[in-house]
Amino acid sequence: MPANNTFYNEVLTDHNMNPVHKHPIKDANMELEGVNPSCGDDITLSLRVEDGKVVDGGYVGDGCAISQASADMMLDLIIGKPVEEAEHLADIFHRMITGEVTDEEVDELEEAGILKDIRHMPARTKCAMLGWRTMDEMLKENT
């Protein structure tokens, strides 16, 4: 578990109970459903990308606290960034979950870096990855 378990739980709870980005997006030009059949997580991620930049994003759906909080943190991080940077951050997140990342790379993930130790809970890694994997697939399909 994370070194500061209280902070970890507070951040996850806050993003799960008060998500900033859990709503449909007006004028979304990319949308993809992501499903984690092993635990029932199901989200539909919507992005509005203009001139190679993620200008807005949101998600709807249901799932465990980790999947929902991770998707919300991801959107906090990628909105306003170029598509290439969003893909770069998704790569770092994936490598963080598999344990192949530097501390400097984890810092690039800002708040989402608190999920670093989720790799010690293998049943939950797919939950944390759902939003990120969905975003990465969507961007690769559409760029």
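Visitor: With which residue does Glu137 form a salt bridge?

Guide: In general, side chains of opposite charge can pair when their charged atoms come close. In this predicted model, the partner of Glu137 is Arg133, and the closest N and O atoms of the pair are 3.4 Å apart.

Visitor: Why are Glu137 and Arg133 separated by about one helical turn?

Guide: Both belong to helix H5, which covers residues 122-142, and they are separated by about one helical turn because they are four residues apart.

Visitor: Which residue forms a salt bridge with Lys140?

Guide: Asp136 does, with 3.0 Å between the closest N and O atoms. Lys140 and Asp136 likewise lie in helix H5, four residues apart, or about one turn of the helix. Lys140 is exposed, with a relative accessible area of 54%, whereas Asp136 is partly exposed at 21%.

Visitor: Which residues do salt bridges that share partners join into one network?

Guide: Arg48, Glu50 and Asp56 are joined in this way. Glu50 is partly exposed, its relative accessible area being 41%.

Visitor: How many salt bridges does the structure hold?

Guide: The structure holds seven, among them the Glu137 and Arg133 pair and the Lys140 and Asp136 pair.

Technical notes
Residues numbered from 1 in each chain as written. Predicted model: local features only at pLDDT ≥ 70, side-chain atom pairs only at ≥ 80, totals over all residues. Heavy atoms only, no water. Salt bridge = Lys/Arg side-chain N within 4 Å of Asp/Glu carboxyl O. Buried < 20%, exposed > 50% of the residue type's maximum accessible area, 1.4 Å probe, protein only. Helix = DSSP H or I, 4+ residues; strand = E, 2+ residues; numbered from the N terminus.
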